[in-house]
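Subject: Structure for your review

Dear colleague,

My notes on what was found in it follow directly after it.

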Amino acid sequence: MMRTGRPRQFDRDDAVVKAMHLFWEHGYDSTSLAQLKASIGKGITAPSFYAAFGSKEALFAEAVSCYLQTHAQVTEALWDPDLPARQALETALRNSARMQYDPSHPRGCMVALSVMSSCSEENRHVLKPLEASRKRTRAGIRHCVEKGIHSGELKDNEETLSLAVSFSSFMLGISTLARDNVPLVEVERGIAQMMRLWDAARA
């Protein structure tokens, strides 16, 4: 059957990316429907917005999914079985830092920044996928540390295991540094210093 009516005046995939950038920059609660409509394209009405995306919450879910399937993949090196543990960890840190400073999108990490963004209790459930991503990254960092212990590279004790918390905290902190315009070169030097903690824990 032939479809009738006016065609959409915007590219839906592009609209999701633009919405992702807005949510990334401002957080869920602070991003208004007016901002979303303005970013998608001139002339889009509230009815056409809801027809295309259902609701602000549904669009946010699509934006988060888009982020997790693209930008968030920089930490997948943590789970690469072909990389030595130390290399996997350093690769994830450096890839994450470079992504967070990329000028083609807002600075920082959407996953990390969602912790700091103001979000009402009634809307907190929308952040669950980002929380799950943080948990996965923490698990990946611990996986690398445990892999280093099991291979005999690192000392097998509680102090060595605590490295996972140190590296996780540093990775989350990169977002704040990026937003505060701390130069990337300084962050990369910081990563080199963090890796010396790994070297100090060698067996």
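I begin with Ser133, which is buried, with a relative accessible area of 15%; the cut-off for buried is under 20%. Please bear in mind throughout that this is a predicted model. Ser133 belongs to helix α7. Not counting residues up to four places away in sequence, Ser133 touches Leu68 and Val111.

Helix α7

Helix α7 covers residues 128–150, 23 residues in total, and at 1.5 Å a residue it should span 33 Å. Ser133 is one of the buried residues of α7, and the others are Leu130, Arg134, Thr137, Gly140, Ile141, Cys144, Val145, Gly148 and Ile149.

Leaving aside neighbours within four places in sequence, Ile149 is in contact with Leu154, Lys155, Asp156, Thr160 and Leu161. Ile149 and Ala88 are 61 residues apart along the chain, and their C-alpha atoms are separated by 14 Å. Just after α7 comes Gly152, which takes a positive phi of about 90 degrees.

How the helices pack

Two packed helices are described by the angle between their axes and the distance between the axes.

The crossing of α5 past α7 is left-handed. On the α5 side the contact is made by Ala85, Ala88 and Leu89, and on the α7 side by Ile141, Cys144, Lys147 and Gly148. Divided by class, the residues of this contact are five nonpolar, one polar and one charged.

The next pair is α5 with α10. Here the packing angle is about 160 degrees and the axes are 10 Å apart. These two helices are therefore roughly antiparallel to each other. Is their crossing left-handed or right-handed? The crossing of α5 and α10 is right-handed. From α5, the contact uses Ala85, Arg86, Leu89, Glu90, Leu93, Arg94, Ala97 and Arg98. From α10, it uses Leu184, Val187, Glu188, Ile191, Ala192, Met195, Trp198 and Asp199. By class, this contact of α5 with α10 has ten nonpolar, no polar and six charged residues.

The remaining pair is α9 (residues 163–179) with α10 (residues 184–200), which pack at an angle of about 175 degrees with their axes 11 Å apart. At that angle, α9 and α10 are therefore roughly antiparallel to each other. Helix α9 contributes Leu163, Ser166, Phe167, Phe170, Ile174 and Leu177 to the contact. Helix α10 contributes Val187, Gly190, Ile191, Met194, Met195, Leu197 and Trp198. By class, the contact of α9 with α10 has eleven nonpolar, two polar and no charged residues.

The loop between α9 and α10

Asn181 lies in the loop between α9 and α10. Is Asn181 buried or exposed? At 56% relative accessibility, Asn181 counts as exposed, the cut-off being over 50%. Asn181 also has a positive phi of about 60 degrees, although it is not a glycine.

A tryptophan in helix α1

Lastly, please look at Trp24, which is placed in helix α1 (residues 12–26). With a relative accessibility of 2%, Trp24 counts as buried. Not counting residues up to four places away in sequence, Trp24 touches Tyr67, His71, Met99, His105, Pro106, Arg107, Gly108, Cys109, Met110, Leu113 and Arg179. Trp24 and Ile191 are 167 residues apart along the chain, with their C-alpha atoms separated by 24 Å.

Yours sincerely

Methods. Residues numbered from 1 in each chain as written. Predicted model: local features only at pLDDT ≥ 70, side-chain atom pairs only at ≥ 80, totals over all residues. Heavy atoms only, no water. Axes fitted to C-alpha atoms, helices over the stretch in contact; angles between N-to-C directions. Helix = DSSP H or I, 4+ residues; strand = E, 2+ residues; numbered from the N terminus. Parallel < 35°, antiparallel > 145°, perpendicular 65-115°, else oblique. Contact = heavy atoms within 4.5 Å. Nonpolar A, V, L, I, M, F, W, Y, C, P; charged D, E, K, R; others polar. Expected span 1.5 Å × (residues − 1). Buried < 20%, exposed > 50% of the residue type's maximum accessible area, 1.4 Å probe, protein only. Left-handed = near helix turned anticlockwise from the far one by under 90°.
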